[in-house]
Amino acid sequence: MRGTGLDSRKKTIRRKKGIYEKYVKRPVDLILALTAMVILLPVICVIGILVRLKLGSPVIFKQKRPGLYERIFTMYKFRTMTDEKDEGGKLLPDEDRLTAFGKLLRETSCDELLELINIVKGDLSWCGPRPQLVRDMVFMSNRQRQRHQVRPGLTGLAQVNGRNQITWEEKLEWDLKYIEDGITFWGDVKILLKTVRKVFEKADIHGEGLATAEDYGDYLLRTGQVERETYDRLQIGAEEILGGAGNRYVRKG
């Protein structure tokens with residue numbers, strides 16, 4: 001069984017931080033992010049205008065994510081889906097709300113340009129375990145949650161080794177490997193170069209048959225790794241972390 005309180009074998013990753021991780025990584029992140037924001041400002045403005053014209057308002061999609069030491073932060077992205085609802089007022093499935101324009105933004109990763117703001121703020125690094133949803137985090141084993149020992153990244157080993165074409169277990173193992181193998185300057189450079197190649201190849205964007213990636217809890221429920229009762233309890237736990245039922249998470253972008 002998986003999830004908060006379900007894995008009693010809490011294994012702490014023992015490691016020694018190098019000079020790069022302790023003193024160099026954050027300044028490099030900040031300098032590169034500020035430089036990228038200046039260079040890409042015209043592109044960001046054009047994309048913002050197109051999102052407003054094609055998808056409406058709000059242009060910016062905000063979402064709560066667990067960051068370093070599981071501190072919750074707001075991540076920024078460009079909106080990629082509409083707010084179309086059915087007759088009962090419920091949002092339509094993601095595949096019905098994801099437009100051709102929104103799909104293009106995702107395939108080129110242009111929807112993630114606003115995450116440069118998160119790097120400047122210190123919520124994200126250029127490289128690290130990709131921040132998942134709070135309702136993914138609560139289903140992780142204690143070992144898997146060790147991924148939150150480091151600042152999450154705009155890209156990481158999981159993103160350059162299959163992204164959404166690999167299983168959740170493989171994805172989380174890649175995140176842990178990034179930490180366990182030691183965080184180095186050249187290691188981060190290799191990840192960034194591979195990420196650029198993936199973007200141009202438009203590879204590994206979505207899982208087969210899915211408009212968006214499947215949540216970890218949904219995956220575990222579908223594959224019979226958690227029971228419905230546990231699934232429902234942990235979903236409630238995620239809502240409580242996000243501030244209670246009044247702030248219930250609903251994907252809108």
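Trainee: What makes β1 and β2 a pair?
Mentor: Two strands pair if DSSP finds at least two bridges between them. Strand β1 (residues 60-66) and β2 have seven bridges, in the antiparallel sense, so by that rule they count as paired. Across the pair, Arg65 stands opposite Phe73 in β2. The hairpin of these strands has five residues between them, and there Tyr69 takes a positive phi near 60°. By the way, helices (H or I, at least four residues) and strands (E, at least two) are DSSP runs, numbered from the N terminus.

Trainee: How far can I trust the model and its numbering?
Mentor: It's a predicted model: local features need pLDDT of at least 70, side-chain atom pairs count only at pLDDT 80 or more, and totals for chains, interfaces and linings use all residues. Residues are numbered from 1 along each chain as its sequence is written, and side-chain values use heavy atoms, leaving out hydrogens and water.

Trainee: Why is Thr155 called buried?
Mentor: Buried means under 20% relative accessible area, exposed over 50%, and partly exposed in between (1.4 Å probe, protein chains only). Thr155 has 4%, so it is buried. This residue lies in strand β4 (residues 153-155).

Trainee: And why does Lys190 count as exposed?
Mentor: Its relative accessibility is 55%, so Lys190 counts as exposed. Lys190 lies in helix α8 (residues 185-201). Its C-alpha atom is separated by 9.8 Å from that of Val160, 30 residues apart along the chain.

Trainee: What is Ile191 in contact with?
Mentor: Contact means heavy atoms within 4.5 Å. Leaving aside neighbours within four places in sequence, Ile191 is in contact with residues including Thr155, Val160 and Tyr178.

Trainee: What makes a group of residues a nonpolar core?
Mentor: The members are buried Ala, Val, Leu, Ile, Met, Phe, Trp, Tyr and Cys residues joined through side-chain atoms within 4.5 Å. The largest one here has 18 residues, and Leu116, Ile119, Trp126, Tyr178 and Ile191 touch the most other members. Elements giving two or more residues to this core include β2 (72-78) and α7 (168-180). The largest share, three residues, comes from α1. A second, separate core of 15 residues includes Val134 and Tyr216.
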